[in-house]
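I opened my notebook to look up two things.

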Amino acid sequence: MKALALTLLFASSLANAQRCPSFNVVYYNGNILTGKGLQSDKPERVTALGILDGHIQYIGTDTQVFDYCAAATKIDLHGAFVMPGFNDAHTHIAFAGQQHLTVDLDNVPSLAAMQAKIKSYATTLPENAWITGGGWDHTKWPSAKLPTRQDLDAVTGDHPTYLERTDGHIAIVNTAALAAAHITGTTKAPAGSQIDLDPTGQPTGIIREEAALALIQAVIPKPDTATRRRALELSINDALAHGVTSVQDFSDWDDFLVLEQMEREHKLPLRISEWLTFNDPIATLKDHRAHHDLNDPLLHTGMLKGFMDGSLGSRTAAMLQPYSDDPTNSGLPRYDQAKLNQMTAERAAAGFQIGFHAIGDRANTMALNAFSAANDAVEAAVEKQRAEATKACFASHPEARAIADACGTLPRPRVQTSWAQRFRIEHAQVLTHADFDRYAELHIIASMQPSHLLTDMAWAPARLGPERSKYAYAWKSFLDHGVTLAFGTDYPVESIDPFRGLYAAITRQNEAGTQTFEPQEKLTLNQALYAYTQASAFAENEEKIKGILAPGYLADFIILDRDITTATPQQLLHTKVLRTVVGGQTQYQSAQ
């Protein structure tokens with residue numbers, strides 16, 4: 001009997017060895033939320049998962065996983081909560097890192113505090129060197145007033161200075177910077193932008209939107225490769241420490257080249273889909289798309305990013321009616337609709353996914369109009385191609401039987417382009433009631449950042465008024481209309497911390513819990529988690545390899561200090577990441 005038992009044990013072990021090679025690592029004794037069934041009453045939970053070659057190989061109970069395969073390394077989770085890594089659907093990691101390396105004005109509480117920080121930084125620079133940076137937000141200051149060039153002149157000395165507001169849509173510059181760019185009171189701002197003037201007709205130092213900002217940026221020395229890399233490393237480490245395993249990012253092409261070098265050196269620990277610039281010529285866009293393997297799961301180019309307008313905080317978001325707290329101003333649309341439609345159709349026909357920054361209700365309508373026009377143009381082109389092919393086929397095969405044989409398989413018009421290419425609108429903060437239906441009809445993804453509301457609710461009611469506020473930051477309305485909702489942060493406009501976003505989504509309250517904005521738009525935690533993981537993966541066409549913990553999926557997950565599904569909102573807000581795993585490799589581990 002003993003010999004028979006040993007024979008059976010050997011046979012079982014041999015069968016397992018033939019069924020699978022050894023796991024690289026098994027995590028066991030955990031509380032693992034896989035993400036499967038997340039939108040049901042009972043999302044799947046397991047206690048163990050086995051990893052092989054960067055992918056999930058097996059999930060189940062501890063016994064099931066250990067019985068399935070041997071493991072080279074075993075990690076006891078001691079009951080800790082595990083979930084899929086967050087996929088931030090909207091970041092600017094290069095700008096975030098550069099902000100840390102320059103004058104970081106994030107959360108400065110007043111103009112005086114901002115001036116003190118700039119003055120101190122100026123003492124570290126060589127003569128005439130530029131001061132750059134950003135992160136300031138005048139809406140958080142007691143005065144709530146925009147700074148002026150004279151405010152900077154008082155503390156910058158001989159240093160030309162360019163400092164972007166937290167949203168990146170306006171900047172404050174000093175007199176020396178205006179002189180370097182040859183901007184005076186008679187300088188005409190390019191279309192879709194603005195150079196603010198004081199009552200005497202001279203620039204105040206506030207420059208609004210990309211086309212005018214570019215006048216200053218053109219004379220600022222560009223960061224070298226080493227500086228770009230250091231900036232990216234800072235941001236990537238910040239993301240990993242907050243449980244983010246993938247980002248969908250808009251940085252410069254030169255930054256993408258640095259990321260490529262990091263990948264070649266096996267020193268890129270974060271998955272990055274890098275967006276391209278919508279306004280670039282199609283030939284350039286095609287070259288950039290072909291430059292890197294689009295199927296590389298770690299790094300690749302993604303959608304085209306275009307800007308319809310600015311921001312609510314800067315009052316440059318394009319509105320159908322004037323701002324309630326600025327009745328002479330309706331924002332700054334960046335495009336003529338006809339030109340936008342043409343450019344969108346051309347890029348859609350070239351096979352690009354397109355995403356439009358659109359914050360105001362006018363901007364959202366413009367983006368939807370462009371996507372609708374692109375659908376019509378591409379489908380008309382496909383139908384024309386089919387008609388021409390059919391005509392040629394008939395001419396070549398006049399006999400009826402040959403026509404049926406040779407011409408019966410000609411291509412039919414394909415599905416709606418906006419659906420097939422997963423067109424997106426970024427931010428989608430203020431809509432008309434009718435445009436929710438248009439999002440659904442056109443299958444547009446709403447890529448939103450719930451943590452924006454934590455900042456914006458302090459002034460959004462005054463900006464928008466009560467009627468427009470009903471359709472602002474309207475996450476639940478999107479879901480009720482069947483629209484795919486993907487979440488991100490817009491880092492560094494907001495912290496990359498996803499738990500702030502989850503808190504905002506389920507409470508619609510400020511972090512102190514003292515103010516609420518349109519509570520009917522709250523989500524459940526599971527809805528918010530889905531938007532931050534599976535829906536954001538769908539938004540970048542990668543839902544088949546990431547977003548859940550299941551066999552065949554990438555082994556991207558995080559271990560937290562608490563079960564966030566049972567935490568109170570305040571506890572959720574203070575969640576800490578213990579470990580971040582990307583492709584089966586630990587890329588961040590807390591000190592505790």
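I am working with a predicted model, where local features need pLDDT of at least 70, side-chain atom pairs count only at pLDDT 80 or more, and totals for chains, interfaces and linings use all residues. Residues are numbered from 1 along each chain as its sequence is written, and side-chain values use heavy atoms, with hydrogens and water left out.

**Rings.** I searched the whole structure and found 20 aromatic pairs. Rings of Phe, Tyr and Trp (its six-membered ring) pair if their centres lie within 6.5 Å; planes under 30 degrees apart are stacked, over 60 edge-to-face, the rest tilted. Tyr 27 and Phe 557 pair edge-to-face, 5.1 Å centre to centre with 85° between the planes. Tyr 27 is in strand 1 and Phe 557 in strand 22, so this pair ties together parts 530 residues apart in sequence. I number strands (DSSP E runs of at least two residues) and helices (H or I, at least four) from the N terminus.

**Charge over a ring.** Arg 508 lies over the face of Trp 475, 4.5 Å from the ring centre. The test is NZ of Lys or CZ of Arg within 6 Å of the ring centre and within 35 degrees of the ring normal. Arg 289 lies over the face of Phe 352, at 3.9 Å.
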